[in-house]
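Hello,

Here is the structure we talked about handing over. Please have a look, then read my notes below.

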Amino acid sequence: MALARQVLCVSALLSLPPARAEPIRYSVAEEAESGSLVGELAEDAGLTPAQLSARRARLVSEDGRQHFRLERASGRLVVAGRLDREELCGQAASCMLPFELLLSNPLQFFRVEVALNDINDHSPVFPEERVNFDILERSDPGTRFPLEVAQDLDIGRNIVQEYSISPENEFFNVSYGSRNNGDKYLELVLEKPLDREEHAEMGFSIIAVDGGSPPRSGTIEISIIVLDVNDNAPIFTQERYIGKVLENMPEGSLVLTVLATDQDAGVNGDISYQLSQAVGQSDSAFVIDHSTGEIKITKTLDFEAAESHELTVRARDGGGLSAICKVLVEVVDVNDNAPELVVSSFSSPLPENTVPGTVVALFSVRDRDSGANGKISCALEDQLSFSLRPAYKNYYELVTLSALDREETPQYILSVTAADAGSPPLTSTQTFSVDISDVNDNAPVFNQTSYTMYVRENNVATVFVGAVSAADADVGLNAKVTYSLAPEQGAERPWCSCISVNSENGHVFVLRPLDYEHLRQTEVTVSASDAGTPPLRANVTVRLVVLDENDNAPLVLYPAQDGSPASSELVPMWAEAGYLVGKVVAVDADSGQNSWLSYHLLRATDPGLFSVAVQSGEVRLRRPVTERDSVKQKLVVLVRDNGKPPLSATAALSALLLKDFSDVRLPHSSPAPEDQDGSLTTYLIISLVFVSLLFLISSAVFVSRKACRRKELEAGHVLYGADNVQSGLADAAAAGTLPRAYCYEISLTTGSGNSEFKFLRPILPSLPPQHCALGQGPAEEQDFPCVPVSTEDMAPDNAGTLSAGQLNTLSFD
């Protein structure tokens with residue numbers, strides 16, 4: 001096998017790119033048994049058997065036929081089936097079978113050429129099994145009778161080397177050799193004149209022997225009929241005729257005409273023509289006219305099947321003499337074959353993150369025509385993402401040119417057109433459908449930048465309030481979106497455990513009832529994540545707004561409704577219509593229209609005497625007070641919000657109609673109970689009225705302090721009478737100096753068992769700070785000190801009572 005393995009320049013091959021390296025060459029004898037070793041292909045290619053299996057090594061030939069087989073386990077190249085050199089290469093001097101060793105991951109191939117060596121497997125064959133010669137008995141010694149040489153499909157030493165006659169005779173010998181133009185000839189040579197009377201007929205065989213080992217032979221039977229004298233044989237005008245015919249010429253077209261002449265006359269000069277074809281061409285495509293020598297085609301010729309045809313024409317005269325000439329018919333190529341594209345490798349689908357320059361397909365092009373008709377150019381139709389790149393000889397690579405994006409183009413239809421240079425050119429198109437597989441390169445995208453959802457307070461648990469939705473431009477698992485609550489970063493937005501999101505559809509639920517008064521709104525972050533590897537996610541803010549429900553009734557702040565005695569407002573008898581008696585102050589914990597409060601007079605001792613402002617809750621006189629009006633007036637004010645349905649509360653007020661504040665007396669005993677209030681409450685109200693009146697008197701004294709500072713009070717005289725008090729109250733009211741009321745601690749000296757009490761509630765408006773104190777009288781008389789009072793000093797504290805500095809102690813006889 002040393003001669004069977006010819007590896008050229010292995011080191012140079014390994015240092016060059018696979019597509020540019022010199023081919024690996026081997027040789028093998030034809031007719032080798034299947035499985036016969038051709039060469040150690042893996043070793044010669046610089047590969048290991050393990051690499052052959054891992055990279056899915058395979059053999060690819062241009063014609064698609066697999067003459068050899070690669071054993072991946074051992075890396076050996078062996079014969080796959082019967083190899084017939086004559087069938088594969090005909091009479092060519094050399095027979096080379098090329099193919100490629102193709103590997104994947106990465107794509108790589110090696111050119112391999114195997115030379116098919118001829119063996120002597122064909123015997124010489126004569127075109128005819130028997131040839132008859134009519135020879136004149138007077139033929140001169142040395143006369144030559146041409147024969148067609150024996151054909152041997154083998155080449156080299158295995159073709160015919162010699163001819164011999166069997167059995168040998170004294171009359172004939174064979175002469176063979178090659179002429180100057182290379183044509184071989186075989187002639188039967190007459191050694192001595194024939195004697196028809198002695199030998200009218202004779203027969204023998206001519207044996208052709210080739211140079212094989214062992215040699216093979218072929219035989220032709222020669223029959224000799226001795227005739228009377230016909231001493232001129234036909235002679236062709238040319239020893240070799242050459243004709244050309246287009247391969248697309250129709251049946252019956254004339255190729256050429258041969259012509260032979262004979263100097264004899266009569267029957268001996270009548271020439272007829274016979275046509276014979278070379279061995280191996282059983283189906284003759286030619287026919288000759290026996291009389292005229294015109295050679296015509298019987299069927300359309302194919303340049304790709306045979307570029308030329310060699311014919312033999314025999315001209316025989318009527319006397320039995322003949323001559324032979326050669327006819328070579330050259331078939332002229334016509335551009336009748338379109339280019340062919342043979343795909344060796346194709347990868348689809350491609351990941352969308354495939355890097356530019358990746359080989360998608362490897363293919364070869366070929367055209368069975370010749371010359372310009374077989375010159376091929378390839379082009380890729382308008383395509384910006386792929387391109388063609390020449391690889392090796394007639395091989396091309398289809399490679400990616402730019403980055404791919406499945407979301408933009410999920411599939412590419414690539415059309416590769418191969419055109420020859422014929423006139424007109426023929427083209428062939430190969431379509432590659434390249435699918436782009438998805439890569440998780442798109443994060444989910446919400447259909448809104450943020451979401452605002454609403455829920456009414458006191459909602460039921462797990463109530464549905466809305467949904468978030470995100471879409472992913474990828475496909476499959478890369479586009480499957482799941483939702484979850486993202487943990488908050490930092491403490492500025494505390495985590496709200498009252499919200500849940502459905503992981504499959506993004507539905508948002510409120511898990512527990514909410515209270516608008518405790519939680520007005522909250523925000524959570526919802527994350528949408530796909531199922532890719534690694535997963536991509538996007539976040540969106542969901543703002544939950546709690547809508548108020550009318551679930552809080554108005555709360556009355558003043559007058560207090562905590563069960564303490566109801567306060568009494570003092571109203572002078574001279575008060576006119578519109579006089580401010582008091583004000584009901586209420587609040588509502590709800591918001592919006594649910595907190596809009598309106599005030600309505602629900603009940604009153606004398607409903608026509610008072611009116612309540614709907615918006616402010618101010619209680620005013622509707623008309624002037626008359627003598628017929630009851631001194632004690634009770635009012636119930638309804639406070640109602642604007643909710644649906646509305647909620648309400650009531651506030652109870654008392655008013656005392658007084659002619660003179662000096663009439664206020666503190667009772668010594670408990671009065672009789674009234675309809676709704678207890679006796680203790682009545683006493684407390686009366687005491688409060690007394691204290692309020694006394695404070696008003698003191699305030700009036702402060703106003704006139706400069707006039708009375710140096711005067712002394714006379715014993716037994718009262719500082720102010722009823723008229724003075726009324727005048728002072730009227731002036732203060734007219735001046736607007738009674739904006740709000742205050743409460744005081746009062747000590748009484750009347751000996752009443754109920755002489756001291758605290759009434760922590762505003763009663764009368766405050767006096768301005770410029771009022772002065774009373775002067776001091778005689779020592780035996782009671783003094784009325786006048787303490788300066790300011791609005792700030794008299795402001796009640798948070799508990800609704802006055803501080804120590806804000807209390808005035810007044811003594812009465």
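Two rings of Phe, Tyr or Trp pair if their centres lie within 6.5 Å, with the six-membered ring used for Trp. The structure holds 16 such aromatic pairs. Keep in mind that this is a predicted model.

For any pair of aromatic rings, the description consists of the distance of the centres and the angle of the planes.

Now the overall picture. The protein chain has 813 residues, and 43% of them count as buried. Its secondary structure comprises seven helices and 54 strands. Take the contacts between residues at least 6 apart in sequence: 68% of these join residues at least 24 apart. The accessible surface of the chain is about 41,000 Å². Carbon and sulfur atoms account for 51% of that surface.

Next, the surface. Which residues make the nonpolar surface patch of about 320 Å²? They are Leu 555, Leu 557, Val 585 and Val 587. Two elements, β42 (555–558) and β45 (585–587), each give two or more residues to the nonpolar patch.

Val 585 lies in strand β45. Its relative accessible area is 33%, so Val 585 counts as partly exposed.

Best wishes

Definitions and conventions
Residues numbered from 1 in each chain as written. Predicted model: local features only at pLDDT ≥ 70, side-chain atom pairs only at ≥ 80, totals over all residues. Heavy atoms only, no water. Helix = DSSP H or I, 4+ residues; strand = E, 2+ residues; numbered from the N terminus. Buried < 20%, exposed > 50% of the residue type's maximum accessible area, 1.4 Å probe, protein only. Contact = heavy atoms within 4.5 Å. Areas by Shrake-Rupley, 256 points an atom, 1.4 Å probe, with all protein chains shown as cover. Phe/Tyr/Trp six-rings, centres within 6.5 Å; stacked < 30°, edge-to-face > 60°. Patch = residues over 30% accessible without salt bridge, like charges linked within 9 Å, V, L, I, M, F, W, Y side chains within 5 Å. Salt bridge = Lys/Arg side-chain N within 4 Å of Asp/Glu carboxyl O.
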